[in-house]
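Let's take a look at a ligand site and what surrounds it. Here is the model to keep open while you read.

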Amino acid sequence: MKTNRTFTMIKPDAVENGYIGAILAKINEAGFKIVALKMTQMSKRDAQLFYAVHAQRPFFSSLVDFMVSGPIVAAILEKENAVEDFRKLIGATNPADAEDGTIRKLFAASIQNNAIHGSDSDENAMIESYFHFATREMF
Ligand code: CMP
């Protein structure tokens, strides 16, 4: 996969609150091109694997329960410097610390229910993209 790409999920809280359209609009307005997109629901096993790096954290089981609580929207986004620029667009993990205008500031309620995920490196962007998408679903 190209390295000018990142992976994102609109999380169950934002889907439930009706924010899919508004969040995708923000992503487009910021110059990202959507090259893969799907609405899906993770199984418990999926969420445990996706967040395996956090398995020893005290919030892990609560995070897994949250991520399987409803559908998500998964997407791959293309833009120069995609990983870093997208993390700026979504803002700090805790919406209370997120800058004005960021997606988490606008749409997130708490550090766990924080509306959106963004990959933290090119390597993880690739791993996370292939976790959710088949090659024929990436454009
Ligand atoms: P995300 O960027 O998807 O990466 C890991 C997720 O774990 C994070 O967003 C939050 O949803 C969740 N998370 C991170 N830190 C905490 C915390 N201190 N308490 C609860 N959930 C957290």
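## The shell around the ligand

By class, the residues around the ligand split into 4 nonpolar, 5 polar and 2 charged. For that count, Ala, Val, Leu, Ile, Met, Phe, Trp, Tyr, Cys and Pro are nonpolar, Asp, Glu, Lys and Arg are charged, and the others, Gly among them, are polar. The surrounding residues are K11, Y51, H54, F59, L63, T93, R104, I111, Q112, N114 and H117, each with a heavy atom within 4 Å of the ligand.

This is a predicted model, where local features need pLDDT of at least 70 and side-chain atom pairs pLDDT 80 or more, while totals for chains, interfaces and linings use all residues. Numbering starts from 1 along each chain as its sequence is written, and side-chain values use heavy atoms, with hydrogens and water left out.

T8 belongs to strand β1, residues 5-10 (a DSSP run of E, at least two residues). T8 is buried at 2% relative accessible area, where buried means under 20% with a 1.4 Å probe and protein chains only.

The T8 side chain comes to 2.6 Å from the backbone oxygen of H117, and H117 is one of the residues surrounding the ligand.

Technical notes:
Helix = DSSP H or I, 4+ residues; strand = E, 2+ residues; numbered from the N terminus. Buried < 20%, exposed > 50% of the residue type's maximum accessible area, 1.4 Å probe, protein only. Polar contact = N/O pair within 3.5 Å; in protein donor to acceptor, adjacent residues only side chain to side chain.
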